Amino acid sequence: MEFKHQSTVTLAEVAQAAGVGESTVSRVLRNHGSFSGRTRERVMAAVERLGYVPNRIAGTLASTGSRLVAFVIPSLSNIVFSDVLRGASAVLEENRYQAVFSVTDYDPGKEEALATAMLAWRPAAVMLAGYEHTDGTMKMLRASGCRVVELLDLDGDALDIAVGFSNRAAGRESAAFLLRRGYRRIGYVGHDLDRDTRAGKRFLSFCDTLDANGTPLIAREIVAGASSVENGKQGLERLLARATDLDAVYFSNDDMALGGYFHCLAQGIAIPSQLAIFGYNGLDIGRAIPQPLSTIRTPRVTTGQIAAELVIANAPPQAIDLGFELIEGATA
């Protein structure tokens, strides 16, 4: 069954909603020519209400079909998103599609602005991380007429296509693994959970699992800014200064966990006999350290590949669960 796109909001519809002519709407959007402040307010209110996105290349892509696929991703310093792009780009290039991307720095407002800019080029699809977007972003995506793919999360309702895995399930499995290994005094080191909503879902599910087993989280350290090895190192140092008797620490991802590992090496803390360390993502470097990192491995490259294949095939709306793999490693 062929997927039917929602109709794209037109300039004429904006004009009708604002009670002005199409030429007036065009002048307002280009900020060129004469119009009153009141007219501008009416036009912009209609634009926001309808989720209209100006077409920067009107006519050229409408007749031929766009070969652009736009990625709006949180970070390029995090290898997770580079892996997704690598997987998708290989499929897109093979089918003569062109990938373009922009980076939000985990800022929902910036995501909305970048999504607006990308949608103005009428891409074949827009790919974003997760389900949490501003109301403005959601409205634009629904009204855009292009395919929407949400990546790396399945805990929510997809707008169109979703490819990834459950972050909540990953949090539960991480806690269950540490409990099976006999750890009971568990702490957490992470980065900004309000911005990185997927890390936030894992953390809440992790804590819920501990609570359900009568072993609540002992202490947490949330580091300001993005995740990094250095922030993981500093975060664990501060956590252990407050909670000296922890026997395990769960980190928001492998970058942070590696920082914690290096802190333990520097301070002579034996892993895992004195302190167990558990991460998330299953990065290659985690397997290369003297004691391979205990973690959850996620199928990032495959996520990008399958997302691209679904767009090219014009697949019906669906959510694809790729699951994840628990890596026992040697640090827990």
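Glu221 and Arg238 form a salt bridge in which the closest N and O atoms lie 3.0 Å apart, a salt bridge being a side-chain nitrogen of Lys or Arg within 4 Å of a carboxyl oxygen of Asp or Glu. The pair links distant parts of the chain, with Glu221 in strand 7 and Arg238 in helix 10, 17 residues apart. The model is predicted, and local features need pLDDT of at least 70, side-chain atom pairs count only at pLDDT 80 or more, and totals for chains, interfaces and linings use all residues. Residues are numbered from 1 along each chain as its sequence is written, and side-chain values use heavy atoms, with hydrogens and water left out.

**Salt bridges**

- A search of the whole structure finds 12 salt bridges.
- Glu221 is buried, with a relative accessible area of 11%, whereas Arg238 is partly exposed at 37%; buried means under 20% relative accessible area, exposed over 50%, and partly exposed in between, with a 1.4 Å probe and protein chains only.
- Salt bridges that share partners join Asp83, Arg86 and Arg300 into one network.
- Asp83 is buried, with a relative accessible area of 8%, while Arg86 is exposed, with a relative accessible area of 52%.
- Arg185 forms a salt bridge with Asp245, the closest N and O atoms being 2.8 Å apart.
- This pair also links distant parts of the chain, since Arg185 sits in the loop between helix 8 and strand 6 and Asp245 in the loop between helix 10 (229-242) and strand 8, 60 residues apart.
- Both partners are partly exposed, Arg185 at 32% relative accessibility and Asp245 with a relative accessible area of 42%.

**The sheet and its helices**

- An open sheet of four strands has the order 7-6-8-9, with parallel pairing; helices (H or I, at least four residues) and strands (E, at least two) are DSSP runs, numbered from the N terminus, and two strands pair if DSSP finds at least two bridges between them.
- Strand 7 (219-222) and strand 9 (276-278) stand at the edges, each with a single partner strand, so one side of each is left without a neighbour in the sheet.
- From one strand to the next, the twist averages 15 degrees.
- Strand 8 (residues 248-251) pairs with strand 9 in the parallel sense over three bridges, and the bridge partner of Val249 in strand 9 is Ile277.
- Helix 8 (residues 167-180) lies across strand 6 (186-190), strand 8 and strand 9, and runs at about 165 degrees to strand 9; axes are lines fitted to C-alpha atoms, for helices over the stretch in contact, and angles run from 0 to 180 degrees between N-to-C directions.
- Helix 11 (residues 254-267) packs on the sheet as well, touching strand 6, strand 8 and strand 9, and its direction makes about 160 degrees with that of strand 9.

**Helix 2 against helix 3**

- Helix 2 (residues 22-30) and helix 3 (residues 37-50) pack at an angle of about 90 degrees, with their axes 10 Å apart.
- That angle makes helix 2 roughly perpendicular to helix 3, where under 35 degrees counts as roughly parallel, over 145 as roughly antiparallel, 65 to 115 as roughly perpendicular and the rest as oblique.
- The contact, meaning heavy atoms within 4.5 Å, is made by Thr24, Val25, Val28 and Leu29 of helix 2 and by Thr39, Arg40, Val43, Met44 and Val47 of helix 3.
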